[in-house]
Amino acid sequence: MKFATKAIHAGVHPDPATGAIMTPIYQTSTYVQRSPGDHKGFEYSRTHNPTRSQLQDALAALDNGRHGLAFATGMAAIDCVAKLLQPGDEVISTNDLYGGSYRLFTKVYEPLGIKFHFVPMHDMAAVRAVAGPKTKLIWVETPTNPLLNVIDIAAAAAVARECGALLAVDNTFSTPYLQTPMDLGADIVMYSLTKYMAGHSDTVMGALVVKDDELHERLRFLQNACGGTPGPQDCFLVLRGLKTLHLRMQRHCENGRAVAEFLRQHPKVEKVYWPGFENHPNHAVAARQMRDFGGMISFVLKGDRQEDAIAVLEKFHYFTLAESLGGVESLSGHPASMTHASIPAEQRRKSGLSDSLIRLSVGIEDAEDLIEDLAQAIG
Ligand SMILES: *Cc1c(COP(=O)(O)O)cnc(C)c1O
C-alpha cells in the first residue's frame, strides 16, 4: 500500500456495531463483562480504548512499524522511553534538542543517575567519541529545532548497534511522509502528534511506534502502568488529521521552498536555515534520507540584533507569533525567548542558536500571500 492510501485506510475499519465509516469516539471509561474475565478485549480505557487502538494501528502502518502507542502529550511519549533506563545508563542526544526534551532529560532523569551526552550529532564522530558499553539509548531528532541540522539516521543506527543501545528518533518535524526512521534502523519512532500529524493546532498528543514485539510489551506496560494515555476525542482528531497528512505535507514542502528561496535573496537577511538548499552543510544526508525538505525554516537578520527580530515578529499578519508548529496556519517564533528559553543562554550560544533567530512554520496558505507578509514585515 502506498502512502496516501495508507494515510486514509491503514489501521481503521468500519465500526463493527453500526457500520460507521469513521472511527467513533468511544467516550467510555469501562466495558461490560458477561462474566468475570469474559469481555470483548476491552476492560478499562486507560489500558485499551477502541478509538485509540485504531489510531495506534494507523500510526504503526504509516511508519512501517508493527505497534503504535498513543500518549496524552509528546512529552509523555518521551518520558515512557526514558523509563526504560536504569541508574548508571548513558544516553547520547543532540545539543540542539527540543527544549522540553532537554528539560526532561536534565531536570528529571539526570538527578535519578542517568548520564546524558549532548553532542552535535550531525557530526557522527562526536557521537562515536562518547559512545560505549554504558550507552543504552541514542536519541535523535532530525531535522533539529530550530537550526535545521540533519542527523544521519542510518549512521546513528550503526553506532547504536555497536554498543547494544536502542535508537529512538523524534520524527515530529518530518512525519512519516518525509522520512521513515524504522526503515533506516531505528528501534523507536516518537511523535508530538500535536504538530504536523494532527495538523490543525487543535489538540495535544504524542506517540511511539516500534517494530519489536518485546520492546512493545515493555513500553505498553509502562504506558498503562504510568497512565499518560490520551482521551478518545483527541485520538479521533488525530485520526482525522492523518487522512490529509500527505496533502498537507506536500503543500508545506512547496510553500517551504518558496519562502526559503525568497528569504535567501532578501538583502536584509543574513542566513537562512533550510535543509533543501544545496549549500546546507547536511544537504546530502537530507536528500538521502528525506523524501522532501519540509516547511520548517529559520533565519537571522543582517546585524544579528534581537530588537530587529522582535520588530519583524510584531509586524507579521499571517505568520502568527505563537509556540508550536506544523498546523495548517503559518506560525512564527523566537526560540531564544520562547521554545528554547529552558536551555541556558550559554548552552544556546554553544549550539549556534542566535538570540535574533526567527523560526517559521510555513503553513498551507497561498505562497504569494505568505511572501507578501514576509516582505512587508522585513521591510
Ligand atoms: C512539541 C515537540 C515535542 C513535545 O511534544 P508535546 O506534544 O508538546 O508534549 C517533542 N519534540 C518536538 C520536536 C516537538 O516539536
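1. A residue is called buried here when its relative accessible area is under 20%, exposed when over 50%, and partly exposed in between. Y31 has a relative accessibility of 16%, so Y31 is buried. F42 comes to 23% and therefore counts as partly exposed. The model is a predicted one.

2. Y31 and F42 pair through their rings, with centres 5.5 Å apart and planes at 35 degrees, a tilted arrangement. Both residues sit in the loop between α1 and α2 (50–62), so the pair links parts 11 residues apart in sequence.

3. The structure has 9 aromatic pairs. In one of these, F3 and Y177 are edge-to-face, because their planes stand at 75 degrees with the ring centres 5.7 Å apart. F3 belongs to helix α1 (residues 3–9) and Y177 to helix α7 (residues 175–178), so this pair ties together parts 174 residues apart in sequence. F3 is buried, at 19% relative accessible area.

4. One aromatic cluster is made up of Y102, F105, F116, F118 and W139. Elsewhere, R264 lies over the face of F277, 3.8 Å from the ring centre.

5. The ligand is surrounded by 13 residues, and the closest are M75, D170, S192, T194 and K195. By class, the shell holds 5 nonpolar, 5 polar and 3 charged residues.

6. A backbone N or O atom lies 3.0 Å away in the case of G74 and 2.9 Å away in the case of M75. S192 places a polar side-chain atom 2.8 Å from a ligand oxygen. The ligand alone exposes 380 Å², of which the protein buries 93%.

Definitions and conventions:
Residues are numbered from 1 along each chain as its sequence is written. This is a predicted model: local features need pLDDT of at least 70, side-chain atom pairs count only at pLDDT 80 or more; totals for chains, interfaces and linings use all residues. Side-chain values use heavy atoms; hydrogens and water are left out. A residue is near a molecule or strand if one of its heavy atoms lies within 4 Å of it. A polar contact is a pair of N or O atoms within 3.5 Å; within protein, one must be able to donate a hydrogen and the other to accept it, and residues adjacent in sequence count only if both atoms are side-chain atoms. Accessible areas come from the Shrake-Rupley method with a 1.4 Å probe; for residues, only the protein chains shown count as cover. Ala, Val, Leu, Ile, Met, Phe, Trp, Tyr, Cys and Pro count as nonpolar, Asp, Glu, Lys and Arg as charged, and the others, Gly among them, as polar. Rings of Phe, Tyr and Trp (its six-membered ring) pair if their centres lie within 6.5 Å; planes under 30 degrees apart count as stacked, over 60 as edge-to-face and the rest as tilted. Helices (H or I, at least four residues) and strands (E, at least two) are DSSP runs, numbered from the N terminus. Buried means under 20% relative accessible area, exposed over 50%, partly exposed in between (1.4 Å probe, protein chains only). A charge sits over a ring if NZ of Lys or CZ of Arg is within 6 Å of the ring centre and within 35 degrees of the ring normal.
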